[in-house]
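Me: I would like to go through this structure with you and ask, for each label, what it rests on. Shall we start from the inside?

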Amino acid sequence: PGTLGAERGRIGGPAITPDGKTIVAPVTRFDMKENKGLTDLWLWSADGSVQRALTTNPAGDSSPVISPDGRTLVVAVGRDMTAHRRAEETLRQHAHDLGERIKELSCLFDLSRVIEASVSLPELLQGAVALIPRAWQYPEIAAARIRLGGDRFETDGFTTTAWMQSIPISAHGEVVGSVDVCYLEERPASDEGPFLEEERALLEALAERLGRVIERRRAEAAWYEREVRWRSLAESSPDHILLLDRELKVEFANRASPGMTVDQIIGTPLCAYLEPSRAQEVKGILDRVLATREPAAYETDCARPDGGVIHYESRAVPRIVAGEVVGLTLSARDITERKRLEGILRERDKMAGMASLVAAVAHEVRNPLFALSATADLLAARLAGANDLDRHLVALRGQVERLETLIRTLLE
């Protein structure tokens with residue numbers, strides 16, 4: 001080995017063909033700008049007539065070996081693996097990040113399944129907290145807790161440590177709990193202590209989703225409680241309570257009139273059960289309530305299966321949802337007995353009036369009768385023996401007594 005001039009650089013160990021006519025050797029030059037050596041293979045003829053570069057590899061070639069027959073040259077080819085290793089590291093990091101994102105998406109997907117499958121809110125929260133640790137970068141040392149009011153839902157081993165993430169849960173504009181994640185052991189620092197930035201975003205998404213679920217479940221519970229109360233009141237009410245849509249068709253009825261069932265009247269027009277002469281009038285009243293939003297009262301009659309008549313006193317009130325009139329609430333009270341009693345009272349009042357009239361008439365008639373009777377007695381005393389007048393006085397007394405008997409009978 002030696003030096004082949006400044007333009008060539010330093011010559012390494014040569015390889016010579018079996019016939020001794022050709023020499024192959026590595027030549028190393030030093031690049032001052034790049035601060036590194038570059039090695040290529042050069043070929044020379046033994047007589048010096050040929051001199052040329054065999055390779056120009058930036059990574060360098062070395063250790064030439066010529067086969068015994070002189071036909072094959074084997075060299076150690078250098079390759080710069082820096083970019084390749086960087087690419088491999090980037091690929092590994094991307095694969096790791098992708099795996100983390102898949103775990104996070106799986107957590108959200110599994111939470112949706114838990115929400116759909118859970119009957120009660122405590123069951124839902126216990127199922128949700130079990131999903132959280134496996135979605136974190138170090139699931140083997142992760143634990144989670146969900147707080148809601150005074151209730152706690154935790155995975156095994158959860159405790160307060162120096163490595164925690166916590167996000168509040170809000171429902172209806174107020175904080176009602178939190179979602180907490182902890183590591184039970186220290187791990188290398190990342191975006192937020194040992195936690196990833198994406199893990200905080202996942203925790204925020206979980207808290208936001210749970211908040212909406214809590215709002216919905218509480219609203220459903222409140223609605224169910226109101227529904228139970230309303231149905232209890234409706235079913236125990238002696239009045240008929242109906243819900244009508246805007247087309248005046250029956251949506252709900254707590255009871256039906258005699259001879260009908262609730263199932264028969266659901267979905268049918270209310271006016272179909274009224275007398276034709278009244279149906280159009282009642283429809284006008286109900287349409288007016290829908291248009292004006294003002295309650296109205298009216299009375300209707302309904303035929304009984306036995307041929308009798310049921311009298312109803314009804315009151316219609318608009319049913320308003322989100323500012324829109326969606327139908328009517330109708331209460332109808334059976335006033336048949338009241339009507340019967342009112343009829344009796346009217347008859348009694350009529351009879352009492354007639355009795356007063358009869359008494360007044362009897363009083364006015366009795367006075368003249370008394371005078372006639374007294375006059376007849378006086379004439380009979382003064383005209384005693386006047387046979388031609390006795391029979392007339394007898395007839396007069398008989399008519400007076402007849403009138404008195406008639407008056408006594410009327411008064412009794």
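Reply: In this predicted model, the largest cavity is lined by 21 residues, and those nearest its centre are L242, S257, L270, Y273 and Y312. Two or more residues of that lining come from each of β13 (240-245), β14 (250-253), β15 (296-303), β16 (309-321) and β17 (324-334), with β15 giving the largest share, four residues.

Me: What makes this space a cavity, and what is its volume?

Reply: A cavity is a set of points where a 1.4 Å probe fits but cannot get out. The volume of the largest cavity is about 290 Å³, and its lining divides into 15 nonpolar, four polar and two charged residues.

Me: Why is the space beside W223 and W230 called a pocket rather than a cavity?

Reply: A pocket is an open set of points, whereas from a cavity the probe cannot get out. The largest pocket is lined by W223, E227, W230, R231, L243, F252, R319 and T329, and about 220 Å³ of space lies in it. Helix α4 gives the most to this lining, with four residues, and by class the lining has four nonpolar, one polar and three charged residues.

Me: How do you know that the length of α4 agrees with that of a helix?

Reply: At 1.5 Å a residue, the 40 residues of helix α4 (residues 197-236) should span 58 Å, and because the C-alpha atoms at its ends are 59 Å apart, the two values agree. The buried residues of α4 include L202, L203, L206, L210 and I214, together with E199 and R217.

Me: What makes a group of residues a nonpolar core, and which members of the largest one touch the most others?

Reply: The members must be buried nonpolar residues joined through side-chain atoms within 4.5 Å. The largest core has 35 residues, of which L125, W136, I146, I169, V179 and L210 touch the most other members. At least two residues of this core come from each of α2 (82-117), α3 (121-131), β9 (142-148), β11 (164-171), β12 (174-183) and α4, and α4 gives the most, with seven. Apart from it lies another core of 21 residues, among them V250, A279, V282 and A316. In soluble globular proteins, nonpolar side chains tend to be buried together.

Me: Why is V65 called partly exposed?

Reply: The label lies between buried, under 20% relative accessible area, and exposed, over 50%; V65 has 48% relative accessibility and therefore counts as partly exposed. V65 lies in strand β7 (residues 61-66).

Me: Which residues is V65 in contact with, leaving aside neighbours within four places in sequence?

Reply: V65 is in contact with A15, T72, L73 and V74. A15 is 50 residues apart from V65 along the chain, yet their C-alpha atoms are separated by 5.8 Å.

Key:
Residues numbered from 1 in each chain as written. Predicted model: local features only at pLDDT ≥ 70, side-chain atom pairs only at ≥ 80, totals over all residues. Heavy atoms only, no water. Expected span 1.5 Å × (residues − 1). Buried < 20%, exposed > 50% of the residue type's maximum accessible area, 1.4 Å probe, protein only. 1 Å grid on protein atoms, 1.4 Å probe; cavity = no way out; pocket = protein on both sides within 12 Å on 5 of 7 lines; lining within 4 Å. Points joined across faces, edges and corners; volume = space filled by probe spheres on them. Nonpolar A, V, L, I, M, F, W, Y, C, P; charged D, E, K, R; others polar. Contact = heavy atoms within 4.5 Å.
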